[in-house]
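This note is intended for a colleague who is meeting the structure for the first time. The points below may be read alongside the sequence and the model.

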Amino acid sequence: MNRPRKPELLAPAGDLEKLQAAVLYGADAVYLGGKSFGLRARAGNFDLEEMRRGIDFAHSHGVAVYVTVNIFAHQADLRQLPVYLRAVQEAGADALIVADPGVLDLAREITPRLPVHLSTQANTTNSRAVRFWAGQGVKRVVLARELSLDEIREIRRENDVELEVFVHGAMCMAYSGRCLLSNYLAGRDANRGDCAQACRWRYALCEERRPGEYMPVYEDERGSYILSSRDLCLLPYLPQLIAAGVDSLKIEGRVKSVHYVATVVAVYRQAIDSYWHNPAAFQVRPEWLDELGKVSNRDYTSGFLLGGDPGAQHNELDNIYRRPYTFVGLVKEYDPPSSRALVQQRNPFACGQELEALLPGGTVRRFSLVAMHDAVSGESIGAAPHPCQEVWIQTPFELPPFSLLRRAAQV
C-alpha cells in the first residue's frame, strides 16, 4: 500500500495579524473571510486591500489562502456576489470555500479558474454526497464534524476528491453548525455569519406552573452552560486520520486570539512533522498537550470520531470556559546589542512576574521580567497597564518578532 501524502495544516486567520502568526508558526494554508459573505461576521476579517496584503504575505512564505464565501445566500446577496468573487480572484486567492449550491453555481460561472472547496456547513456525511459535489466541480469537501473515523475511511475509499477534516477548536451544538438559536433569541442569523453564540449563554430551568421562579443548574459557583459543547482535539488521532487519507487537517478559530492561533498551529505542526518523519515511533508528547491546555478552552473531546454518542460517553455538555494563561504581549522587534524586545501590550503585566515566551517554530522559554521602559517616553516603569502600550523589556535571550508573551492566570 502506498504511503498517503503528507496532509496540509490549515489554520484560521481572523485578521492580518492572525494570518501572519499562522504562517510564521507553521501553517501550510490559511482560511479567511472578507467583510461580507462569510460565516464569521464578528471576526476582524479583511477588506480587499488587507486581503491582498495577507495573500501576498502568505504566498511569500509558500502558504496558500482560501477565502470563505460560505453564507446561505438570500436574493440580495446574489446581486452583490459577482463583483466580490472577481475581486477575490484578482487578489490572488487559491480557493473559495462555499456552502450554498447557488453560490457554488455562481462561482463556477464568474470565476471558473478559482478552485472551490465545499464548506462543512453543507453537512456532507456520506460518500455519495461527496461524489455529487465533486460532479458539480468541487475540488475539496470539508466533511461534517459528525463523522466517525470508520466513515471517513469509507468515504476516502470511494472518492478521489480532496477531503478536509476539523481537528481542533470549538464545536457547535447544532448539526454541522446549522443553528437557529441565535436568530431566534438575538435576531442574529448564524447561517449568514452573525452568530451570537447563544448556546454559550447561561440558562436556568423554569417550571411551567411556577412562572418567574428560575432554578439554576449548578456546575460550580460560576453557573452552568447546558448547551455548550467541549472543544474538539484530535491530536492523539493524527496517525489514524493521516492513514485514512485525509488531505487537510483544519483548525477552527477565526474569532480566537493570536495567542490561540500561534499556540495551536505550532503544536499541530510539530506533531504532523514528527509523525511524518517516523510514523512507527510517533507518540503524543506531554508538552504538546500542555501547550494546548494553555489556550482558552472548554476541556477537550474527540467528538464523534470514535463513533457513538459523545455526550453519553464523556458528559460533553455543561462545560465552562477555562483561561489558564493570559496572553500579555506581542514582540514587535528585538535589539541584540541591548538584549531588549519591543513588546505591544495585550493584557497588563509587570516587573517581577514570571513570563513564558512562545517563539515562532513552537519553542517555549521562561524568564522573570526584571526591567521595562516605556517605548515613547523612555522612562523606567514597573508595569504596562494600558491596552496596546508599547514597552521595551529586558530579556535573557533573543525574542524574534511575533514571539508571544503569556503568564499563568492568578488563582
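1. A term is needed at the outset: a polar contact is a pair of N or O atoms within 3.5 Å, and within protein one of the two must be able to donate a hydrogen and the other to accept it. By this criterion the side chain of Arg140 makes a polar contact with the side chain of Glu162, at 2.9 Å. Please bear in mind throughout that the model is predicted.

2. Overall composition. The protein has 411 residues, of which 53% count as buried. Its secondary structure comprises 11 helices and 21 strands. Among contacts with a separation of 6 or more, 66% are between residues 24 or more positions apart.

3. Is Arg140 buried or exposed? Its relative accessibility is 3%, and because buried means under 20%, Arg140 counts as buried.

4. Asp77 lies in helix 3, which spans residues 75–91. Asp77 is buried, with a relative accessible area of 9%. Its side chain reaches the backbone nitrogen of His74 at 2.8 Å.

5. Helix 2 against helix 3. Helix 2, residues 48–60, packs on helix 3 at an angle of about 30°, and the two axes are 9 Å apart. Because angles under 35 degrees count as roughly parallel, helix 2 and helix 3 are described as roughly parallel to each other. The crossing of helix 2 past helix 3 is right-handed. From helix 2 the contact is made by Leu48, Met51, Arg52 and Ile55, and from helix 3 by Tyr84, Ala87, Val88 and Ala91.

6. Helix 4. In this helix, residues 101–110, the buried residues are Val103, Leu104, Leu106, Ala107 and Ile110. Viewed down the axis of helix 4, these buried residues fall within an arc of 165°, so they line one face of the helix. Asp105 and Glu109, on the other side of helix 4, are exposed. The cover over the buried residues of helix 4 includes strand 3 (64–69), helix 3, strand 4 (95–98), strand 5 (116–118) and helix 5. At the N-terminal end, helix 4 is capped by Asp100, with a side-chain oxygen 2.6 Å from the backbone nitrogen of Gly102.

7. Helix 6. Which residues of helix 6 (residues 149–157) are buried? They are Leu149, Ile152, Ile155 and Arg156. Seen down the axis of helix 6, they lie within an arc of 120°, so one face of the helix is lined by them. On the other side of helix 6, Asp150 and Arg157 are exposed. Among the elements that cover the buried residues of helix 6 are helix 5 (127–135), strand 7 (162–169) and helix 8 (238–243).

8. Backbone angles in two loops. Most residues other than glycine have a negative phi. Asp299 has a phi near 65°, a positive value in a residue other than glycine. Asp299 is placed in the loop between helix 10 (286–292) and strand 12 (300–301), and is partly exposed at a relative accessible area of 26%. Ser339 likewise has a positive phi, near 55°, and is a residue other than glycine. The loop that holds Ser339 runs between strand 13 (325–335) and strand 14 (340–345). With 26% relative accessibility, Ser339 counts as partly exposed.

9. Where does Gly378 lie? It is in the loop between strand 18 (372–374) and strand 19 (383–384). The relative accessible area of Gly378 is 46%, and the residue is partly exposed. Gly378 and Trp392 are 14 residues apart in sequence, and their C-alpha atoms are 8.6 Å apart in space.

How values were computed. Residues numbered from 1 in each chain as written. Predicted model: local features only at pLDDT ≥ 70, side-chain atom pairs only at ≥ 80, totals over all residues. Heavy atoms only, no water. Helix = DSSP H or I, 4+ residues; strand = E, 2+ residues; numbered from the N terminus. Buried < 20%, exposed > 50% of the residue type's maximum accessible area, 1.4 Å probe, protein only. Arc of directions from axis to C-beta. Contact = heavy atoms within 4.5 Å. Axes fitted to C-alpha atoms, helices over the stretch in contact; angles between N-to-C directions. Parallel < 35°, antiparallel > 145°, perpendicular 65-115°, else oblique. Left-handed = near helix turned anticlockwise from the far one by under 90°.
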